[in-house]
Amino acid sequence: MASGVKYDMFIVYKTLSALRDSETKSLNIVELAESAKVSPTTLEKYIEVLKSRGFVIEKRNKERRIHITAKVEGFLFLFSRLLALWGE
């Protein structure tokens, strides 16, 4: 992701999986943090990186919601295959 900065790919995976598995394919920050089991503060950092990489978009109407993009399915498929090979 950003050079020199390390990111936990399991948080990325849990965040994108939570969005994909939600009924509307979007969640607000509190819902997403609860679903991905990470703090809202940590999640904010990851959302910015995921937006810059084209995995999510942010929409604001009555509330701020995070939506997945089509790019997510390929990433989640590959990551799930890596987990299977790793034995998780």
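Lysine 25 is found in the loop between α1 and β1, where helices are DSSP runs of H or I with at least four residues and strands are runs of E with at least two, numbered from the N terminus. Phi of lysine 25 is near 60°, a positive value in a residue other than glycine. With a relative accessible area of 40%, lysine 25 is partly exposed; buried means under 20%, exposed over 50% and partly exposed in between, for a 1.4 Å probe and protein chains only. The model is predicted, so to speak of local features requires pLDDT of at least 70, side-chain atom pairs count only at pLDDT 80 or more, and totals for chains, interfaces and linings use all residues. Residues are numbered from 1 along each chain as its sequence is written, and side-chain values use heavy atoms, with hydrogens and water left out.

The loop between α1 (9-21) and β1 (26-27) also holds serine 22. Serine 22 is buried, at a relative accessible area of 10%. A polar atom of its side chain lies 3.2 Å from the backbone nitrogen of serine 26. Another positive phi, of about 60°, belongs to lysine 37, which is not a glycine. Lysine 37 is placed in the loop between α2 and α3 and counts as exposed, at 69% relative accessibility.

The helices themselves come next. Helix α2 (residues 29-36) packs with α3 at an angle of about 100°, their axes 9 Å apart; axes are lines fitted to C-alpha atoms, for helices over the stretch in contact, and angles run from 0 to 180 degrees between N-to-C directions. The two helices α2 and α3 are therefore roughly perpendicular, a term for angles of 65 to 115 degrees, while under 35 counts as roughly parallel, over 145 as roughly antiparallel and the rest as oblique. Ile29, Leu32 and Ala33 in α2 meet Pro40, Leu43, Glu44 and Ile47 in α3, contact meaning heavy atoms within 4.5 Å. The axes of α1 and α3 come within 11 Å and cross at roughly 80°, so α1 and α3 are also roughly perpendicular to each other. On the α1 side the contact is made by Ile11, Val12, Thr15 and Leu16, and on the α3 side by Thr42, Leu43, Tyr46, Ile47 and Leu50.

Five aromatic pairs are found in the whole structure; rings of Phe, Tyr and Trp (its six-membered ring) pair if their centres lie within 6.5 Å, with planes under 30 degrees apart counted as stacked, over 60 as edge-to-face and the rest as tilted. Phenylalanine 10 and phenylalanine 79 form an edge-to-face pair, 5.7 Å centre to centre with 85° between the planes. This pair links distant parts of the chain, 69 residues apart: phenylalanine 10 in helix α1 and phenylalanine 79 in helix α4 (residues 71-86). Phenylalanine 10 is partly exposed at 45%, whereas phenylalanine 79 is buried at 11%. The rings of phenylalanine 55 and phenylalanine 75 are edge-to-face as well, with centres 5.4 Å apart and planes at 65°. Both phenylalanine 55 and phenylalanine 75 are buried. Ring pairs join Phe10, Tyr13, Phe55, Phe75 and Phe79 into a cluster.

Leucine 76, in helix α4, is buried with a relative accessible area of 2%. Leucine 76 touches Tyr13, Leu16, Ser17 and Arg20, not counting residues up to four places away in sequence.

Notes:
A polar contact is a pair of N or O atoms within 3.5 Å; within protein, one must be able to donate a hydrogen and the other to accept it, and residues adjacent in sequence count only if both atoms are side-chain atoms.
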